[in-house]
Amino acid sequence: MSHEFRLTHDVDLQATPEQVWAAIATGPGVDSWFMGKNEIEPREGGKASMTMPGFTGESTVTAWEPPHRFGYRAAPGEDGAFMAVEYLIEGRDGGSTALRFVHSGILAGDWEAEYDALRKGNPLYLQTLARYLEHFTGRTAVPVTAFGPQQPDQDLVWAGLTRAVGLPEQVGEGDKVHFTVGGQTVDGVVDTVLAPGFLGVRTDDALLRFVGGGGAILTGHHIFADVDQAAAERTWGAWLASVYA
C-alpha cells in the first residue's frame, strides 16, 4: 500500500537569503547541517547526491532560482515511492530570512511509521540548520557518520547515550555536556532534543547529532575543524561500541 504525503515547515533564520542559499544549495553547505556527504550540480536538471557509509542517494535538481527557490526530486523506486524537497526563501528586514521547507512524495510499505519519522525529524534538521547559520555560518564542516550496535529498544539507547555524555535521562536544551572521545575532552551544550530519538550538542567547533530509532543509534556530526573523516568515523564508532558494550 502506498500513500501520498506533503509536509510543510516554516522557520525564521538569522541569516541573509544568500547565506541560507549557500547552506541549502551547495554540497559543503549541506554537509554542515544535514546528513552525509553531499554534492549538488548548480543548475536545474543537475544531479544531487548524498553519501553515507553503505548508501548513496541520488536526485535531480527540479528548481534552481538563487537565492529564492531550490528543489530536488529522487526517481521513483520499484514500488513507486519517491521523495521531493523544495526550499522557498524570502528575505526579511534586518538581514533575517523566512524559509519554507516543503517535503512531499509517495511512501510505500509501512508508510505510517515513515511519515511519523519525517514529521518529527524534519523540524529537528531545520533547527540544526538554524544553529549552523547562527554559530558557524561561512564555515564548512566535515560530516561524521558512525553507527553503534543495535539495542533491544530505544529506551536502552537513550539511557546509554545520556549516561555516556554526562546527562540525566530527562534532558533539556541548555544542559551542559562533558565527556571524552578518543582521548579528547568534549565540552558543549544541548541545543536540540527529542527523547528518546535525537540529541544535539553544540561545542566550539562542532554540531554533534545523535540519531536513533527502533534500538538503532548513529552519529550525524558536523565538525568545523581540520579532521580526517574516516579516522573521525572510526573514533566515534569505537566510542558508540564502548557505550553499548
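Me: Helices (H or I, at least four residues) and strands (E, at least two) are DSSP runs, numbered from the N terminus. Where is the place of Pro196?

Reply: Pro196 lies in the loop between strand E10 (184–194) and strand E11 (198–203). The model is predicted: local features need pLDDT of at least 70 and side-chain atom pairs pLDDT 80 or more, while totals for chains, interfaces and linings use all residues. Residues are numbered from 1 along each chain as its sequence is written, and side-chain values use heavy atoms, without hydrogens and water.

Me: What kind of peptide bond joins Ala195 and Pro196?

Reply: The bond is cis, with omega about 0°. Another cis bond runs from Pro66 to Pro67, with omega near -5°. Pro67 is in the loop between E4 and strand E5 (69–74). Most peptide bonds are trans.

Me: Why does Ala15 count as buried?

Reply: Buried means under 20% relative accessible area (exposed is over 50%, partly exposed in between; 1.4 Å probe, protein chains only). Ala15 has 2% relative accessibility, so it counts as buried. Ala15 is found in the loop between strand E1 (2–13) and H1.

Me: What is Ala15 in contact with, leaving aside neighbours within four places in sequence?

Reply: Contact means heavy atoms within 4.5 Å. On that basis Ala15 is in contact with Val20, Gly95, Ser96, Thr97 and Leu133. The C-alpha atoms of Ala15 and Gly91 are separated by 9.0 Å, at 76 residues apart along the chain.

Me: What makes Ala63 buried or exposed?

Reply: Its relative accessibility is 2%, so Ala63 counts as buried. Ala63 is in strand E4 (residues 55–65) and touches Glu44, Arg69, Phe70 and Gly71, residues up to four places away in sequence not being counted.

Me: Which residues in helix H1 are buried, and why are they on the same side of H1?

Reply: In H1 (residues 17–24) the buried residues are Pro17, Val20, Trp21, Ala23 and Ile24. They cover an arc of only 165° around the axis, which puts them on the same side of H1. The arc is that of the directions from the helix axis to the C-beta atoms.

Me: Why are H1 and H3 called oblique to each other?

Reply: H1 and helix H3 (residues 111–135) pack at about 125°, with their axes 11 Å apart. Angles under 35 degrees count as roughly parallel, over 145 as roughly antiparallel, 65 to 115 as roughly perpendicular and the rest as oblique. H1 and H3 are therefore oblique.

Me: Which residues of H1 and H3 meet?

Reply: Gln19, Val20, Ala23 and Ile24 in H1 meet Leu129, Tyr132 and Leu133 in H3.

Note on methods. Axes are lines fitted to C-alpha atoms, for helices over the stretch in contact, and angles run from 0 to 180 degrees between N-to-C directions.
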